[in-house]
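Keep the model in view while reading.

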Amino acid sequence: MTKWPRSLFSLLLAAFALTAHAAPDAATALSIVQKNNCVSCHAVDSQVVGPAYREIAKKYRGDATAPDTLFTKVRKGGAFVWGEVPMPANPGISDADLHTVIAWILAGAPDH
Ligand code: HEC
């Protein structure tokens with residue numbers, strides 16, 4: 001064996017540290033969806049009026065355009081992706097909060 005496994009290990013460790021840092025904070029995301037009434041139509045793992053956040057995460061897994069598409073969709077509203085019931089526009093949520101929530105949803109809407 002050469003020394004590469006050791007450097008590979010440090011690389012993995014560095015990658016993990018980066019991911020952990022970039023992962024959206026669940027408590028923050030949950031308070032944003034409460035404050036902006038998303039919770040009146042969405043739950044983390046069950047369908048309410050709109051799809052469960054974890055179903056949304058599954059649908060867009062690996063889709064690099066999803067963060068932008070979903071940002072615009074939530075901002076402006078729309079229908080026909082999940083059914084005929086439309087989501088109304090959400091003009092009140094700030095850009096920063098909306099980015100945080102979308103990142104959290106796409107990360108699988110973790111509880112913590
Ligand atoms: C009045 C009910 C309602 C509210 C409030 C609501 N949604 Fe939705 N949402 C829906 C419905 C219905 C859909 C499915 C729309 C479709 O089929 O295209 C949806 C879809 C979505 C999707 C997936 C869109 C897609 O095209 O796949 C995301 C992400 C989302 N909502 C996030 C949010 C967030 C974040 C908020 C709060 C800022 C919010 N929603 C508020 C009803 C709502």
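Contact here means heavy atoms within 4.5 Å. This is a predicted model, in which local features need pLDDT of at least 70, side-chain atom pairs count only at pLDDT 80 or more, and totals for chains, interfaces and linings use all residues. Residues are numbered from 1 along each chain as its sequence is written, and side-chain values use heavy atoms, with hydrogens and water left out.

Start with the overall layout. The protein has 5 helices and 0 strands. Helices (H or I, at least four residues) and strands (E, at least two) are DSSP runs, numbered from the N terminus. The order of elements from the N terminus is α-α-α-α-α. Of the 112 residues in the protein, 26% are buried. Buried means under 20% relative accessible area, exposed over 50%, and partly exposed in between, with a 1.4 Å probe and protein chains only. Among contacts with a separation of 6 or more, 49% join residues 24 or more positions apart.

His-42 lies in the loop between α2 (26-35) and α3, and Met-87 in the loop between α4 and α5, so the pair ties together parts that are 45 residues apart in sequence. His-42 is buried, at 13% relative accessible area. Met-87 counts as partly exposed, at 23%.

Turn to helix α4, residues 66-76. Its buried residues are Ala-66, Leu-70, Phe-71, Val-74 and Arg-75. Seen down the axis of α4, these fall within an arc of 150°, so they line one face of the helix. The arc is that of the directions from the helix axis to the C-beta atoms. An α-helix has 3.6 residues a turn, so residues three or four places apart point the same way. The face of α4 turned away from the buried side carries the exposed residues Asp-68 and Lys-76. Cover for the buried residues of α4 includes α3 (53-59) and α5 (95-106). Just after α4, Gly-77 takes a positive phi of about 80°.

Is Arg-75 buried or exposed? Arg-75 is buried, with a relative accessible area of 19%. A polar atom of the Arg-75 side chain lies 2.7 Å from the backbone oxygen of Ile-93. Leaving out residues up to four places away in sequence, Arg-75 touches Ala-89, Asn-90, Pro-91, Gly-92, Ile-93, Ser-94, Asp-95 and Leu-98.

Next comes α5. This helix has 12 residues and reaches 16 Å from its first C-alpha to its last, close to the 16 Å expected at 1.5 Å a residue. The expected span is 1.5 Å times one less than the number of residues. The buried residues of α5 are Asp-97, Leu-98, Val-101, Ile-102, Trp-104 and Ile-105. They cover an arc of only 160° around the axis, which puts them on the same side of α5. What covers them includes α2, α3 and α4. Asp-97 is buried, with a relative accessible area of 19%. Not counting residues up to four places away in sequence, Asp-97 touches Ile-32 and Lys-35. Just after α5, Gly-108 takes a positive phi of about 100°.

His-99 also sits in α5. His-99 is partly exposed, at 45% relative accessible area.

Finish with Pro-24, in the loop between α1 (4-22) and α2. Pro-24 is partly exposed, with a relative accessible area of 21%. Beyond residues up to four places away in sequence, Pro-24 touches Thr-100, Ala-103, Trp-104 and Ala-107.

Conventions. A polar contact is a pair of N or O atoms within 3.5 Å; within protein, one must be able to donate a hydrogen and the other to accept it, and residues adjacent in sequence count only if both atoms are side-chain atoms.
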